[in-house]
Amino acid sequence: MGMSIQQIIFMVLSFVALVSALGVVLSKNPVTSVLCLIVTFFAIAGHYIMLNAQFLAVVHIIVYAGAIMVLFLYVMMLMNLNSDIEPHKRNWLKYAGAISGGALLVVLVAALRDASVPALSETATEIGLIHNLGKLLFTQYVVPFEISSILFLSAMVGAVVIGKKD
């Protein structure tokens, strides 16, 4: 029983996402950590594409890897992080963190031990395509869509008013 190309791509994307997520957590340099997080976001976007949710993948890349990660990089560059002024953590805090993480792992394993995974079908769905999403937004969900656009417009006007006050 051979593996299909979709399974191979899924495994490669999952491996990249896990390794780069470990790089986020284990990296000593905050800039390297943010760059690993960007790689993780691209791997997750690859998973979205495999799920036939192209719009969600593009929005994920634009919002997270584009805007928020650039903001994180600017904030970290402006913070001037020096290891000389960083307070040293006590040893009991490290042990408490390790014990808490282990307890969380035990709880998660116990909770997921009896969980069942439904079988996935091989049928292609059209649910994540942009055409179908737009059709649904402008027919069935037109009122919530317009209400959210008014909310965003009022938030932008409020930001301009707050920014203009001296």
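The protein exposes about 13,700 Å², and carbon and sulfur atoms supply 74% of it. Such accessible areas come from the Shrake-Rupley method with a 1.4 Å probe; for residues, only the protein chains shown count as cover.

This is a predicted model: local features need pLDDT of at least 70, side-chain atom pairs count only at pLDDT 80 or more, and totals for chains, interfaces and linings use all residues. Residues are numbered from 1 along each chain as its sequence is written, and side-chain values use heavy atoms, with hydrogens and water left out.

**Exercise 1. The overall plan**

Find how many helices and strands the protein has, and give the share of its residues that is buried.

Solution. 
- Step 1: Know the terms. Helices (H or I, at least four residues) and strands (E, at least two) are DSSP runs, numbered from the N terminus.
- Step 2: Count. The protein has 6 helices and 0 strands. From the N terminus on, the order reads α-α-α-α-α-α.
- Step 3: Look at burial. Buried means under 20% relative accessible area, exposed over 50%, and partly exposed in between (1.4 Å probe, protein chains only). Of the 166 residues in the protein, 14% are buried.
- Step 4: Look at contacts, meaning heavy atoms within 4.5 Å. Among contacts with a separation of 6 or more, 53% come from residues 24 or more positions apart.

**Exercise 2. Helix H1 and Leu13**

Locate Leu13, decide whether Leu13 is buried or exposed, and list its contacts beyond the neighbours within four places in sequence.

Solution. 
- Step 1: Leu13 sits in helix H1, residues 5–26.
- Step 2: Check the helix. H1 has 22 residues and spans 31 Å from first C-alpha to last, close to the 32 Å expected. That expected span is 1.5 Å times one less than the number of residues.
- Step 3: Leu13 has a relative accessible area of 18%, so Leu13 is buried. Ser14, Ala17, Ser20 and Gly23 are also buried in H1.
- Step 4: Find the contacts. Leaving aside neighbours within four places, Leu13 touches Ala43, Gly46, His47 and Met50. Gly46 is 33 residues from Leu13 in sequence, yet their C-alpha atoms are 6.9 Å apart.
- Step 5: Name a cover. Helix H2 (30–50) is among what covers the buried residues of H1.

**Exercise 3. Helix H2**

State which helices the buried residues of H2 pack against.

Solution. 
- Step 1: Describe the helix. H2 has 21 residues and reaches 30 Å from its first C-alpha to its last, close to the 30 Å expected.
- Step 2: Pick out buried residues. They include Val34, Ile38, Phe41, Gly46 and His47.
- Step 3: Name the partners. The buried residues of H2 pack against H1 and H3.

**Exercise 4. A nonpolar patch**

Solution. 
- Step 1: Define a patch. Its residues have over 30% relative accessible area and no salt bridge; like charges are joined within 9 Å, nonpolar side chains (Val, Leu, Ile, Met, Phe, Trp, Tyr) within 5 Å. A salt bridge is a side-chain nitrogen of Lys or Arg within 4 Å of a carboxyl oxygen of Asp or Glu.
- Step 2: List members. Among them are Met3, Ile5, Phe10, Val39 and Met50, and the patch has about 1,100 Å² of accessible area together.
- Step 3: Assign elements. H1 and H2 each give two or more residues.
- Step 4: Check one member. Ile5 lies in helix H1. Its relative accessibility is 54%, so Ile5 counts as exposed.
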